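Please look at the structure below and follow the explanation through its charged side chains and its RNA contacts.

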Amino acid sequence: MKVRVRFAPSPTGGLHLGGVRTVLYNYLFARANKGEFILRIEDTDQTRFVEGAEKYIMDCLAWCGLEPDESPLKGGPFAPYRQSERKEMYHHYAQMLLDSGHAYYAFDTPEEIEKMRKDHRKDEYTNAQYDHNTRMLMRNSLTLGQEETARLISEGTPYVVRIKMPEHTTVTLTDMIRGEISFDSSLVDDKVLLKADGMPTYHLAVVVDDYLMEITHAFRGEEWLPSAPVHVLLWEYLGWKDRMPQWAHLPLILKPDGNGKLSKRDGDRLGFPVFAMNWTDPKTNEETRGFREMGFMPQAFVNMLAMLGWNDGTAQELFSMEELIAKFSIERVHKGGAKFDFEKAKWFNHQYIQKTDNETLAELAWPFIVEGGVVTNKELLVKVVGLIKDRCTLLPDFWEQGHFFFETPELREKGAILEKWNDQKQQFFAAWAAELTNASTWNQADMEASFNEHATKHGLKKGELMLPFRIMLVGGKYGPGVFAIAELIGKEETLKRINQALEQLLPNQL
RNA sequence: GGCGCGUUGGUCAAUCGGCUAAGACGCCUCCCUUUCACGGAGGAAUGACGGGUUCGAUUCCCGUACGUGCUACCA
């Protein structure tokens, strides 16, 4: 049987990094097994629908290089891939469950249910469930009888369809990560399968669609474990037990400080992204920063996520997509959740920048240079990138670390020159600049030789002059070798910066 | 509260009964570098607790503690 896996998000907002990891594991598993990876949109809750979220999710997958084989956009043999467009299909299966007695109609209003929860709760903290203990107290087809039920339905009374959970049955499932897990069915409530608006809930839809779409392996977050017995029972009641996918409940990604699921809130609070790409809430217009816009390379982002909860048993941490496909195994995924470490995420990106060729880096850095407000050309950028990539961790660093190649910088740290400035140094730079004006060559070796020569002539040590020269060219105490910078920015610009600096320094001395 | 899941340094983690408990991030020291980085060499830092099983438990079992998830006509 062909391996088919699916990622089934609900289009309600930004794509969380945990979601991307789920996609990744799906994708790797599909590729490794020559199977198919499907994107299915779970938009059965119309009250939570968010404009643009579906498109955004697909854009994120494209950026990460994790494109589905079948999706609402691409189509496929099992279309449609949006649950809202599959609405009618679910009714048929709900009816099957109704006919076999595994589900029933319920007419209770939200208020009635609320009252029941309060009236029958066991202690002051816990509300009662709609389950075998309480269902015979409610208004449903079990208590009303066939005739009354038919009447209410024909009159157009709103109703839901609930699963009738059995009592005292142990439901067992084998999870690819956790092994055997058992639940007592008596403790699970009669979950709603079909809502009053005619839409299915996740519970019905996931089972029906996984069956119809011939899903063989289902990966989802650990938060679904408690409702897994409902799904297993549904597969059984619908008569598809032998076709049930193999489950794998992935561990959660936790916040770096304290415990608990990592949320968008934590990112805002601690200053790092949680979403793959920028997300703007169409209602509030609030924008949340994403990894892409913060300057991560998609390969680094993906590699980092792969390692968050999985490793191949060796010390290797850097994997290309091909290596991941070859080496990934669901059995080696951790059971416990992992705290997200932004420092480590940055380390991955730094590694990827180092191993990427300068031409590609120039392409990636280009938008950030443009954002800095200067005009340049690709050839220059390629050279600059080669000179500064060592000290770049995120893509915007190419601007931070290289802006002075494209614009005359402000002498932010001229204080460092002033502290030890004197006439002797002033004269050195004036004289050397004059010499440079007449230089017949322009390369760092010749320049450094002449610099040394002049220093000696003025009775100065090279070491006393290097820092002032750097600040004249760069504006601060950072950047690659000064003579390499001078060579790249050219004679005219170098002289301009020296002379300008000299003008600024002179008055301070008098 | 109930149920499920989990628990090796600050963080990610290896180990599938032999451990003097890898490696990476971060941190600290030194070297390299007349800047900042990169790089190199060192360092501090770990098996939640209590019982078993065993010649031997980080590894297997059982408790306890702690954490976390779920307990909706949300996914």
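Arg269 is partly exposed, with 46% of relative accessible area. This value, like the others here, comes from a predicted model. Asp257 is also partly exposed, at 34%. Arg269 and Asp257 form a salt bridge in which the closest N and O atoms are 2.4 Å apart. This pair links distant parts of the chain: Arg269 sits in helix α8 (residues 264-270), while Asp257 belongs to the loop between β10 (253-254) and α8, and 12 residues separate the two.

A second salt bridge joins the side chains of Glu236 and Lys241, with an N to O distance of 3.3 Å. Glu236 has a relative accessibility of 39% and therefore counts as partly exposed. For Lys241 the value is 39%, so Lys241 counts as partly exposed.

Another salt bridge lies within a helix. The side chains of Glu343 and Lys346 meet at 3.4 Å, N to O. Because Glu343 and Lys346 are 3 residues apart in helix α12, about one helical turn separates them. Glu343 counts as exposed, at 53% relative accessibility, and Lys346 is partly exposed, at 22%. Elsewhere, salt bridges with shared partners join Arg6, Arg40, Glu42, Arg86, Asp209 and Asp210 into one network. The count of salt bridges comes to 35.

The next topic is the RNA. Around RNA strand B there are 58 residues, of which Arg178, Glu317, Lys344, Arg391 and Gly479 come nearest. By type, the residues of this surface divide into 24 charged, 18 nonpolar and 16 polar. Several elements each supply at least two of the residues: β4 (160-163), β6 (179-184), β13 (338-339), α12 (342-354) and α19 (462-474). The most comes from α19, which gives 4 residues. Helix α12, which holds the pair Glu343 and Lys346, is thus among the elements that supply the surface near RNA strand B.

Which parts of RNA strand B do the atoms within 4 Å of the protein belong to? Sugar or phosphate accounts for 69% of these atoms, and bases for the rest. On the phosphate, an oxygen of RNA strand B lies 3.3 Å from a polar side-chain atom of Arg332. At a base, a nitrogen of RNA strand B is 3.3 Å from a polar backbone atom of Asp108.

How values were computed:
Residues are numbered from 1 along each chain as its sequence is written. Chains are lettered from A and ligands numbered from 1 in the order in which they are written. This is a predicted model: local features need pLDDT of at least 70, side-chain atom pairs count only at pLDDT 80 or more; totals for chains, interfaces and linings use all residues. Side-chain values use heavy atoms; hydrogens and water are left out. A residue is near a molecule or strand if one of its heavy atoms lies within 4 Å of it. A polar contact is a pair of N or O atoms within 3.5 Å; within protein, one must be able to donate a hydrogen and the other to accept it, and residues adjacent in sequence count only if both atoms are side-chain atoms. Ala, Val, Leu, Ile, Met, Phe, Trp, Tyr, Cys and Pro count as nonpolar, Asp, Glu, Lys and Arg as charged, and the others, Gly among them, as polar. A salt bridge is a side-chain nitrogen of Lys or Arg within 4 Å of a carboxyl oxygen of Asp or Glu. Buried means under 20% relative accessible area, exposed over 50%, partly exposed in between (1.4 Å probe, protein chains only).
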